[in-house]
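Visitor: Hello! Could you walk me through this molecule, one question at a time?

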Amino acid sequence: MITRLLSRVWGYLVAAGAFLAAIWAYGRSQKAEGRKETYIETLKDSAKRKEAGREAVDDLRGNDRADNIEQLRRNSDSW
């Protein structure tokens with residue numbers, strides 16, 4: 001009788017452990033996916049900022065000093 005009871009308890013413990021392991025694995029995969037999305041968004045934002053900087057530099061080429069100062073002020077507002 002005790003043997004049957006113990007074998008039943010062990011079965012429930014194994015099932016519960018498998019269930020918890022599945023939940024843990026799912027959580028880790030979601031965490032990894034979230035990190036990947038954040039990394040991609042960071043790269044896109046960085047590319048946008050670099051392009052804005054390049055456009056600002058292109059706008060400044062060929063200007064005299066007063067024009068450069070005014071252009072920098074305008075560009076600073078648009079960023």
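This is a predicted model: local features need pLDDT of at least 70, side-chain atom pairs count only at pLDDT 80 or more; totals for chains, interfaces and linings use all residues.

Visitor: How many salt bridges does the count come to?
Guide: The rule asks for a side-chain nitrogen of Lys or Arg within 4 Å of a carboxyl oxygen of Asp or Glu. D45 and R49 meet in such a pair. By this rule the count comes to one.

Visitor: What separates the C-alpha atoms of E33 and K48?
Guide: E33 belongs to helix α1 and, at 42% relative accessibility, is partly exposed. Along the chain, E33 and K48 are 15 residues apart. Their C-alpha atoms are separated by 23 Å.

Visitor: And what separates the C-alpha atoms of K31 and E51?
Guide: K31 is another residue of helix α1, and its relative accessible area of 54% makes it exposed. K31 and E51 are 20 residues apart along the chain. The separation of their C-alpha atoms is 31 Å.

Visitor: What is the radius of gyration of the protein chain?
Guide: Start with the box that the C-alpha atoms fill along the principal axes, roughly 95 × 15 × 10 Å. The chain has two helices and zero strands. A compact globule of 79 residues would have a radius of gyration near 12 Å, but the protein chain has 30 Å.

Visitor: What percentage of the residues count as buried?
Guide: The protein chain exposes about 7,400 Å², with carbon and sulfur atoms supplying 60% of it. To count as buried, a residue must have under 20% relative accessible area. Of the 79 residues, the buried share is 4%.

Visitor: Which residues make the nonpolar surface patch?
Guide: One of them, W10, lies in helix α1, which spans residues 2-60. W10 is exposed because its relative accessible area is 55%. The patch covers about 320 Å² and is made by V9, W10 and L13.

Visitor: Last one: how far apart do the centres of the positive and negative sets lie?
Guide: The protein chain has 15 positive side chains and 12 negative ones. The centres of the two sets lie apart by 17 Å.

Technical notes:
Residues are numbered from 1 along each chain as its sequence is written. Side-chain values use heavy atoms; hydrogens and water are left out. Helices (H or I, at least four residues) and strands (E, at least two) are DSSP runs, numbered from the N terminus. The radius of gyration is taken over C-alpha atoms; the globule rule is 2.2 Å times the number of residues to the power 0.38. Buried means under 20% relative accessible area, exposed over 50%, partly exposed in between (1.4 Å probe, protein chains only). Accessible areas come from the Shrake-Rupley method with a 1.4 Å probe; for residues, only the protein chains shown count as cover. Lys and Arg count as positive and Asp and Glu as negative; His and the chain ends are not counted. The place of a charge is taken as NZ of Lys, CZ of Arg, CG of Asp or CD of Glu. Patches are made of residues with over 30% relative accessible area and no salt bridge: like charges are joined within 9 Å, nonpolar side chains (Val, Leu, Ile, Met, Phe, Trp, Tyr) within 5 Å.
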